[in-house]
Amino acid sequence: MKLIFYRVYQILVMLPILIVLTVLAATVTIAGCALGLSRVFGYWPAKIWAMLFCWLSFVRVSVKGRENIDKDTSYVFVANHQGAYDIFSIYGFLNHNFRWMMKVGLRKIPFVGRACAAAGHIFVDNSSPAAIRRTMAKAERTLQGGMSVVVFPEGSRTLTGHMGPFHKGAYQLSMEFGLPVVPVSIDGAYDILRRGDSFPHWGTIRLTIHKPISAPVDEADRKRVIDASRAAVASALPERFR
């Protein structure tokens, strides 16, 4: 019975409000960034939007380990990707100004894609060597003065809840720019909205921010950082998801 009421609430109340909030957040982001205030408007409207998204969904987010990061330091955050609510939990509750590294195809999403472009998120384009160079140049301009980047190194949401292999893209950024890697464990998002599901379930998401790992010094050292960060992420997950 609770689930029936929850579904009715989602369709009649939550969904219309979230559509309005999404358009509003995107519009404010675009306008604020057009005024040259991307550091503020590229982060805060989306942070508030994500917090409201969780609140309206009856999703609680708890965070451990904020003391491991400094607001004035740039990091490469790497997190496991359990589901769509990973985005809302990190955006709303990481409490560190950052930009996403995202697939270039997401730029086509109405309102959201334009807002992401205005905010300065890093769209990954691997279509050619020149496109890769443009991506890296964009990242270099972005990751300064405490601005960080968040990457899902698995590349896509898990289908089973288990972590997949971590790809090297995030660690290449870390190596190129000498930025420490901060592993972030996300637990609970898989049970709230799994890949392929249409509606979320209420619940709790637990974010664990681990201690930074020094940037790899060369390609041989990159495997050390990949393995160490993946092990850190896994350490805060239930056995069934490792």
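Close-up 1. The coordinates come from a predicted model.

**Close-up 2. Strand S4 and helix H6 (129-142) each give two or more residues to the lining of the second largest pocket.** H6 gives the most, with five residues. By residue class, the lining of the second largest pocket divides into five charged, five nonpolar and two polar residues.

**Close-up 3. Seven strands make up an open sheet with mixed pairing.** Across the sheet the strands follow the order S1-S7-S6-S2-S5-S3-S4. Strand S1 (59-64) and strand S4 (122-124) are the edge strands, and each of them pairs on one side only. On average, neighbouring strands of the sheet are turned by 25° against each other, with direction ignored. Edge strand S4 is also one of the elements that line the second largest pocket.

**Close-up 4. Strands S2 and S6 pair in the parallel sense.** S2 covers residues 76-79 and S6 covers residues 181-187. Four bridges join the two strands. Val78 has Pro183 in S6 as its bridge partner. In the strand order of the sheet, S6 stands between S7 and S2, and S2 stands between S6 and S5.

Technical notes: Residues are numbered from 1 along each chain as its sequence is written. This is a predicted model: local features need pLDDT of at least 70, side-chain atom pairs count only at pLDDT 80 or more; totals for chains, interfaces and linings use all residues. Side-chain values use heavy atoms; hydrogens and water are left out. Two strands pair if DSSP finds at least two bridges between them. Axes are lines fitted to C-alpha atoms, for helices over the stretch in contact, and angles run from 0 to 180 degrees between N-to-C directions. Ala, Val, Leu, Ile, Met, Phe, Trp, Tyr, Cys and Pro count as nonpolar, Asp, Glu, Lys and Arg as charged, and the others, Gly among them, as polar.
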